[in-house]
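Hi everyone, thanks for coming. Today I'd like to walk you through one structure, so please have it open while I talk.

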Amino acid sequence: MKSPHQRRAIVIGCSAGGLQALRTLLPELPPTYPLPILVVQHIPANSTGLHTTLLNHFCQLPILEANDKDPIRPGWVHFAPAGYHLLVEPNETIALSIDPKVNHSRPSIDLLFESAADVYQKGLIGVLLTGASQDGAQGLLKILHRGGITLVQDPKTAEAPLMPRFAIAIGAATKTLSLKEIGHTLKQLGADTRE
Amino acid sequence: MESPVDIQDLEIRLLLETMLHRYGYDFRNYTHASLKRRLLQCLAVCNITHISEAIPKIIHDRAFLDQLIYAMSVTVTECFRDPPFYRLLRERVIPLLATYPFINIWHAGCATGEEVYSMAILLQEEGLYNRVRIFATDINGKSLHQAKEGIYTIQNMEEYAQNYQESGGKASLPNYYHSKYDLARMHSSLKENIIFAAHNLATDNVFSETHLVMCRNVLIYFDQTLKNRALRLFDESLVHGGFLCLGTKESLSFSEISDRFTPVSQDLRIFQKKRGIR
């Protein structure tokens, strides 16, 4: 049985259709949300960070594009910048990397999930959303193996069902939910953490 | 109680200590997540299951050590990476550098050299190259050798051509290399004033006074302690009014030298060392 105080962080991965999914999911979370959130969204290397500006308009939590060595803050949403992998260091700071692409992607969801699983262990909640890629599935499995919770968007509700479907196929999903349900679950896990 | 994760971290610590005490290579202050991933990848290629099995090989097999160092320190780079950065360098920094009779540039962590040649091209086009010396350094001997050769694939060069144009290039990138089959060899005139040399930011010291230091996307692989060490070296090496160029997601915030520099561009991470400081 997992006691509430063990929750330490949330990692989210998405690809095609990700912006719309995040626009539905992230505004669900209240301004006092106690957990840090790290997001890898597949975007072209020359993107200018417009998506974070846009999401800031719709969300109650501060959304920012990560810089190297940023401290990971409760209630903040840290996005991987275009062209960089986003990893979590043991001292709970962000490390960026320009290592080669993983699963044809930089940033790669697997790299975020795997490094975060090492640091937060069973305190980690992994969320995999819409996408036409296989990125994220292995990372999600590692989160599960480390004792964390994994939430996967129901492929039937995903703009691009391949990514969630692949994660479910390899047994990496604790729960398969709609975006609203994922939002509700995250809110509940956050509320439990605060008590 | 021990978990498998703790054992792996212990093995990594022992391996890094071995590299340090046997050969003097200090990777202890590299960022953990990337280092671990690279290490595991390299060992998997060598059919080594447990990290600790690599330790006796490191002690007795120099070639294996070199292979490991290559895997742990190689970085991906490209010509005219971040074109707006090179544009600003050309428009705002080069005119100020031109006021010096002779210019020393230190390119720290030059990897396979693509950005060194980018700088050489830029300086040639701005008419400064004949009074410049570029020290291009890296810890990685194999990368440094590739940098010195200056041979890249045509396919990559064709991709870089767009970067070059966007950076405000005055000619055409193919003017600067000879093509043969699918390879491109950089012109020897670009190499004339470049000195390629081994230098380790973790253990070596300053070797020259410089007017501009380029160190882009290297400090992301260092922890704050090692990053501070590297920044201290750059500060020590730079003349007053000299320039420091970092990667576009790297910052001087929270570093020991942040109050000794003013931003030329905060977004593009070009900083100038203040005048009149000690």
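**A covered helix, its salt bridges and an interface**

Let's start with helix H6(B), which is mostly covered: eleven of its twelve residues are buried. Buried here means under 20% relative accessible area, while exposed is over 50% and partly exposed is in between, with a 1.4 Å probe and protein chains only. Before going on, please keep in mind that this is a predicted model, where local features need pLDDT of at least 70, side-chain atom pairs count only at pLDDT 80 or more, and totals for chains, interfaces and linings use all residues. Residues are numbered from 1 along each chain as its sequence is written, chains are lettered from A and ligands numbered from 1 in the order in which they are written, and side-chain values use heavy atoms, with hydrogens and water left out.

Back to the helix. Among the buried residues of H6(B) are Glu114(B), Tyr117(B), Met119(B), Leu122(B) and Glu125(B). Helices are DSSP runs of H or I with at least four residues, strands are runs of E with at least two, and both are numbered from the N terminus. How far apart should the ends of H6(B) be? At 1.5 Å a residue its twelve residues should span 16 Å, and the end C-alpha atoms are 17 Å apart, which agrees. That expected span is 1.5 Å times one less than the number of residues. After H6(B) comes Gly127(B), which has a positive phi, near 75 degrees.

Now for charges. Side chains of opposite charge can pair when their charged atoms come close. We call it a salt bridge when a side-chain nitrogen of Lys or Arg is within 4 Å of a carboxyl oxygen of Asp or Glu. By this rule there are 23 salt bridges over all chains.

Which residue does Arg90(B) pair with? Its partner is Glu126(B), and their closest N and O atoms are 2.7 Å apart. Arg90(B) lies in helix H5 (residues 83-97) of chain B and Glu126(B) in the loop between H6 and strand S2 (132-138), so the pair ties together parts that are 36 residues apart in sequence. Arg90(B) is buried, at 8% relative accessible area, whereas Glu126(B) is partly exposed, at 24%.

Glu126(B) also meets Lys170(B) in a salt bridge, at 3.1 Å from N to O. Lys170(B) sits in the loop between helix H8 (154-166) and strand S4 (177-180) of chain B, and this pair is 44 residues apart. Is Lys170(B) buried or exposed? At 55% relative accessibility, Lys170(B) counts as exposed.

Finally, let's look at where the two chains meet. The contact, meaning heavy atoms within 4.5 Å, takes 24 residues from chain A and 21 residues from chain B. The area buried between them is about 2000 Å², with carbon and sulfur atoms giving 51%. Buried area is the accessible area (1.4 Å probe) that two parts lose on being put together, summed over both.

How many salt bridges cross this interface? The rule finds four. In one salt bridge, Arg38(B) and Asp99(A) meet through their side chains at 2.4 Å, N to O. On the side of chain A that touches chain B, the elements giving two or more residues are strand S5 (85-88), strand S6 (94-97) and helix H3 (109-120).

That's my tour, and I'm happy to take questions!
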